[in-house]
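Subject: Structure for you to look at

Hi,

Here is the structure I promised to pass on. Have it open while you read, and my notes follow below.

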Amino acid sequence: MATQTPPVAIIMGSRSDWPTMKHAADALDRLGVAWEAKVVSAHRTPKRLFDFATGARAAGYKVIIAGAGGAAHLPGMAASMTELPVLGVPVESKALKGMDSLLSIAQMPGGVPVATLAIGEPGAKNAGILAAQILALSDETLAGRLAAFREAQTEAVHETVED
């Protein structure tokens with residue numbers, strides 16, 4: 001018996017990106033959104049990338065979160081091969097602290113959009129939330145969970161500096 005494809009695919013160029021990209025998965029878990037994570041390198045596994053991106057919609061995915069560091073071609077290459085929304089997470093690199101990743105993902109040519117998030121963990125967390133917001137456009141139950149999440153987040157911020 002085949003299992004249903006989750007609505008969100010989290011892809012990354014290397015297993016070493018998982019400590020960052022796990023924050024997207026955690027955000028999706030908190031909001032009750034199913035996801036699947038895969039290592040798909042734009043440079044080392046181009047056929048895997050092609051097969052994944054060209055088949056993502058038919059496979060049942062609705063949103064792709066793509067994390068990459070350094071040259072960070074994964075989000076843009078995935079976006080070039082699918083009509084699905086692609087959310088790009090720049091993974092912090094050793095050489096340039098993620099600025100290279102950020103600029104590589106943000107500087108897409110007109111006509112091939114990638115929604116680019118912040119560098120590192122905050123970007124991954126926000127990518128998970130943004131993916132849920134996209135899905136909530138056609139899912140009132142998820143929209144309710146998002147509203148509750150936002151309310152809880154607001155209530156967690158204290159008005160005073162005292163403990």
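A quick word on terms before the pockets: a pocket here is an open set of grid points with protein on both sides within 12 Å along at least five of seven lines, and a residue counts as lining if it has an atom within 4 Å of a point. Also keep in mind that this is a predicted model.

So, on to the pockets. The largest pocket has a volume of about 220 Å³. Its lining is made up of 13 residues, and Pro7, Lys62, Leu135, Ser138 and Asp139 are the ones nearest the centre. Helices H5 and H6 each give at least two residues to that lining. Sorted by class, the lining of the largest pocket comes out as 8 nonpolar, 2 polar and 3 charged residues.

The second largest pocket holds about 160 Å³ of space. This one is lined by 13 residues, with Gly13, His43, Arg44, Ala68 and Gly69 closest to its centre.

Now the helices. H5 (residues 121-136) and H6 (residues 140-155) have axes that come within 8 Å and cross at roughly 140°. H5 is therefore oblique to H6, and the crossing is left-handed. On the H5 side, the contact is made by Ile129, Ala132, Gln133, Leu135 and Ala136, while H6 brings Glu140, Leu142, Ala143, Leu146, Phe149 and Arg150. That contact of H5 with H6 divides into 8 nonpolar, 1 polar and 2 charged residues. Leu135 is worth a click, as it is listed in this contact and also among the residues nearest the centre of the largest pocket.

H5 packs with H1 (residues 18-30) as well, at an angle of about 35° and with the axes 7 Å apart. The H1 and H5 crossing is right-handed. From H1 you get Thr20, Met21, His23, Ala24, Ala27, Leu28 and Arg30, which meet Glu121, Ala124, Lys125, Gly128, Ile129, Ala131 and Ala132 of H5. By class, the contact of H1 with H5 has 8 nonpolar, 3 polar and 3 charged residues. Ile129 and Ala132 of H5 turn up here and in the contact with H6 too.

Cheers

Technical notes
Residues numbered from 1 in each chain as written. Predicted model: local features only at pLDDT ≥ 70, side-chain atom pairs only at ≥ 80, totals over all residues. Heavy atoms only, no water. Axes fitted to C-alpha atoms, helices over the stretch in contact; angles between N-to-C directions. Helix = DSSP H or I, 4+ residues; strand = E, 2+ residues; numbered from the N terminus. Parallel < 35°, antiparallel > 145°, perpendicular 65-115°, else oblique. Left-handed = near helix turned anticlockwise from the far one by under 90°. Contact = heavy atoms within 4.5 Å. Nonpolar A, V, L, I, M, F, W, Y, C, P; charged D, E, K, R; others polar. 1 Å grid on protein atoms, 1.4 Å probe; cavity = no way out; pocket = protein on both sides within 12 Å on 5 of 7 lines; lining within 4 Å. Points joined across faces, edges and corners; volume = space filled by probe spheres on them.
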